[in-house]
Amino acid sequence: MLFRLGVTQTYFDASEDERSAVHPAILRAFDDLGERFGVRVLGTLDDDRLQTGAAGEWISYILADAPDLAAAVRVVDLLRETRIGSHRLWRYLRIDARVGRPLMFGNC
């Protein structure tokens, strides 16, 4: 399963104080996915160094092994449930999950 995350324009339009509250909220939301949801993170990628501003597409990725579709939904729900003041995390980030089977080539 591949979780894709993107930063919204709202994040970049926010005040410095508001933006500084987002980072701890992200860390809190995505802490210990294995213990909470049975999701084993296989790897991550953040390609923010080669972009500026709100990404038109996705900029961060979490490749994971999830026990079932319900676990993937619970990870996506993190943005719906995590609060930053009077807002939810989805004000600043977006997320989706791609589910598929292993590719028939390019595997070790």
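Asp65 is partly exposed, at 39% relative accessibility. This is a predicted model. The side chain of Asp65 meets that of Arg40 in a salt bridge, 3.8 Å from N to O. The two residues sit in distant parts of the chain: Asp65 in strand β3, Arg40 in strand β2 (residues 40–46), 25 residues apart. Arg40 counts as exposed, because its relative accessibility of 52% is over the 50% cut-off.

In total, the structure has five salt bridges. Side chains of opposite charge can pair when their charged atoms come close. Asp96 and Arg4 form one of the bridges, with their closest N and O atoms 2.6 Å apart. Here strand β6 holds Asp96 and strand β1 holds Arg4, and 92 residues separate the two. Both Asp96 and Arg4 are buried. Glu18 and Arg91 make another bridge, at 3.7 Å from N to O. Glu18 belongs to helix α2 and Arg91 to the loop between β5 (87–88) and β6, so this pair ties together parts 73 residues apart in sequence. Glu18 is partly exposed at 23%. Arg91 is also partly exposed, at 33%.

Now turn to the nonpolar interior. In soluble globular proteins, nonpolar side chains tend to be buried together. The largest nonpolar core has 27 residues, and Phe3, Phe30, Val39, Val75 and Ile95 touch the most other members. Two or more residues come from each of β1 (2–7), α2 (16–29), α3 (33–37), β3 (60–65), α4 and β6 (93–98). Helix α4 gives the most, with six residues. What does Val75 contact, leaving aside neighbours within four places in sequence? The partners are Phe3, Phe30, Leu33, Phe37, Val39 and Ile95.

Helix α4 spans residues 69–81 and includes Leu69. Leu69 is exposed, with a relative accessible area of 59%. Together with Val73 and Val99, Leu69 makes a nonpolar surface patch of about 290 Å².

The whole structure has one aromatic pair. Tyr11 and Phe12 form that pair, with 5.2 Å between centres. Their planes are 85 degrees apart; the pair is edge-to-face because that angle is over 60 degrees. Tyr11 is buried, since 14% relative accessibility falls under the 20% cut-off. Phe12 is partly exposed at 35%.

One backbone angle remains. Most residues other than glycine have a negative phi. Asp32 has a positive phi, near 55 degrees. Asp32 lies in the loop between α2 and α3, and is partly exposed at 40% relative accessibility.

Note on methods. Residues numbered from 1 in each chain as written. Predicted model: local features only at pLDDT ≥ 70, side-chain atom pairs only at ≥ 80, totals over all residues. Heavy atoms only, no water. Patch = residues over 30% accessible without salt bridge, like charges linked within 9 Å, V, L, I, M, F, W, Y side chains within 5 Å. Areas by Shrake-Rupley, 256 points an atom, 1.4 Å probe, with all protein chains shown as cover. Salt bridge = Lys/Arg side-chain N within 4 Å of Asp/Glu carboxyl O. Helix = DSSP H or I, 4+ residues; strand = E, 2+ residues; numbered from the N terminus. Buried < 20%, exposed > 50% of the residue type's maximum accessible area, 1.4 Å probe, protein only. Core = buried A, V, L, I, M, F, W, Y, C linked by side-chain atoms within 4.5 Å. Contact = heavy atoms within 4.5 Å. Phe/Tyr/Trp six-rings, centres within 6.5 Å; stacked < 30°, edge-to-face > 60°.
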